[in-house]
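Okay, thanks for coming, everyone.

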Amino acid sequence: MSDVRPPTRPPGPPSVRSGRDWMIAIAQSTASVILGGVVLLVSFGSLVTEFDDQPPVGLVLVVLLDAVVGIGATLAIGPLRFLRPGRLHTAVHLPLAALAGFSSWAIPAAGIALYRLGTRRRLAVDVSTLLAVTMVTAAALALDSRLRAEAIGAAELTAVAVVTLLAVIPLLSGRTVGTREALMDSWRQRAAAAEREAESLARERDAEAARVRAEERSALSRDMHDSISHHLAAIALHAGAMAYREDLPSSELRRAAATVRDSAQQANRELHTVLTSLRDSGGDAPLADVPALSEIVGTRRAAGQDFDLQWQGLTPEDLAHRDRSTVVALARVLTEVTANAAKHAPGAPLQLTISREGEQVRLDARNPLPEAAVVPPTSTGHGLLGVQERMRLLGGDARYGAEGNTFRVEAWMPW
């Protein structure tokens, strides 16, 4: 939609118009002068022929007045295109349009004026213009009949009707073009509004995604904070025992020292995964452990969810000796994928696999897509995005999406 132009603005004063606009104005005036002169010459030639080269003085004076008025109207019609639509625009163009009934030379200029008045798309202006054309034409024919010393007959009345009907043509043409331009402007405005709305929605989605990532970072920071605090507490406890218990045998001292060493190493490993974000004050839920994985499975099955959990290349006991962050992350992912499948594919079987592949631990979840669209309960809709963010913070990643008739979630992190 980058090619959508803004709504057309009203023309500015002549001093700020472009060279192209002035060329159009000059062309309109020049063409009107030439065409009007040709029309007047034909009309005057017909008059001279009618009176055998001796036309009445009154009619000759009318022709001269026709030429003066016509030249002024045709020269002015070009620059008048720069007038802004409004009362002045109507007040200037309406008399020019009415000249079609009096001046032969002004007929081209009058046609342009009628066209411009039609683009205003004002019924009152159109009616007033046609009335003015009719009245001026009738007055001009009455003057012509008087100068010829003839009575007004059916021919003159027919001529008035014909001129009025001919004036309707440029008037309707202008109205048609004005309607089309108004419609195009409306479409452009709608397109611009839709583009702005799309940009606003994109910014909102980005902001929501950033919020979800920030919350997941905060949750991971909180989890690791609690885990490291546990190890540090164990270190302090055993170090305090070694410092104040002088009666401890050597075997007990060695065992306490080994415990301090192991806890320090474990805390040091987990310290690498702690985020620099501040810890959220809320949500102090206890950290998940290996039994918690079984509890998640049991809770979901008790709720009626059909899924199968398989272990490949490792056992739950292997996780008990790993970093606490590994178990916590698996518990978070397991909770999210089972809840996501229950919401979006209720009743469909879910296949879960937790495996170790080399130096990675992976969780793979698959469930068939429902045949009919399911309206899930109200939620943020960013749970899987949070899973992906947590995996990335731990040095892994996640991906999710439809694969044929199956929805698949893969998450992995270092072992």
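**A strand, its sheet and a surface patch**

So, let's start with Ser355, which lies in strand E2. Keep in mind that this is a predicted model. Is Ser355 buried or exposed? It counts as buried, because its relative accessibility is 7% and the cut-off for buried is under 20%. And what is Ser355 in contact with, leaving aside neighbours within four places in sequence? That would be Gln312, Leu314, Gln360, Val361 and Arg362.

Okay, zooming out to the sheet. We've got an open sheet of five strands, in the order E1-E2-E3-E5-E4, and the pairing is mixed. At the edges sit E1, residues 307-312, and E4, residues 397-403, each pairing on one side only. On average, neighbouring strands here are turned by 10 degrees against each other, if you ignore direction.

Back to E2 for a second, residues 350-357: this strand pairs with E1 in the parallel sense, over six bridges.

Last stop, the surface. Leu123, Val127, Leu131 and Met135 form a nonpolar patch there, with about 440 Å² of accessible area together. Met135 is found in helix H5, residues 123-148. Why do we call Met135 exposed? Because its relative accessible area is 60%, and exposed means over 50%.

Definitions and conventions: Residues numbered from 1 in each chain as written. Predicted model: local features only at pLDDT ≥ 70, side-chain atom pairs only at ≥ 80, totals over all residues. Heavy atoms only, no water. Pairing = 2+ DSSP bridges. Helix = DSSP H or I, 4+ residues; strand = E, 2+ residues; numbered from the N terminus. Axes fitted to C-alpha atoms, helices over the stretch in contact; angles between N-to-C directions. Patch = residues over 30% accessible without salt bridge, like charges linked within 9 Å, V, L, I, M, F, W, Y side chains within 5 Å. Areas by Shrake-Rupley, 256 points an atom, 1.4 Å probe, with all protein chains shown as cover. Salt bridge = Lys/Arg side-chain N within 4 Å of Asp/Glu carboxyl O. Buried < 20%, exposed > 50% of the residue type's maximum accessible area, 1.4 Å probe, protein only. Contact = heavy atoms within 4.5 Å.
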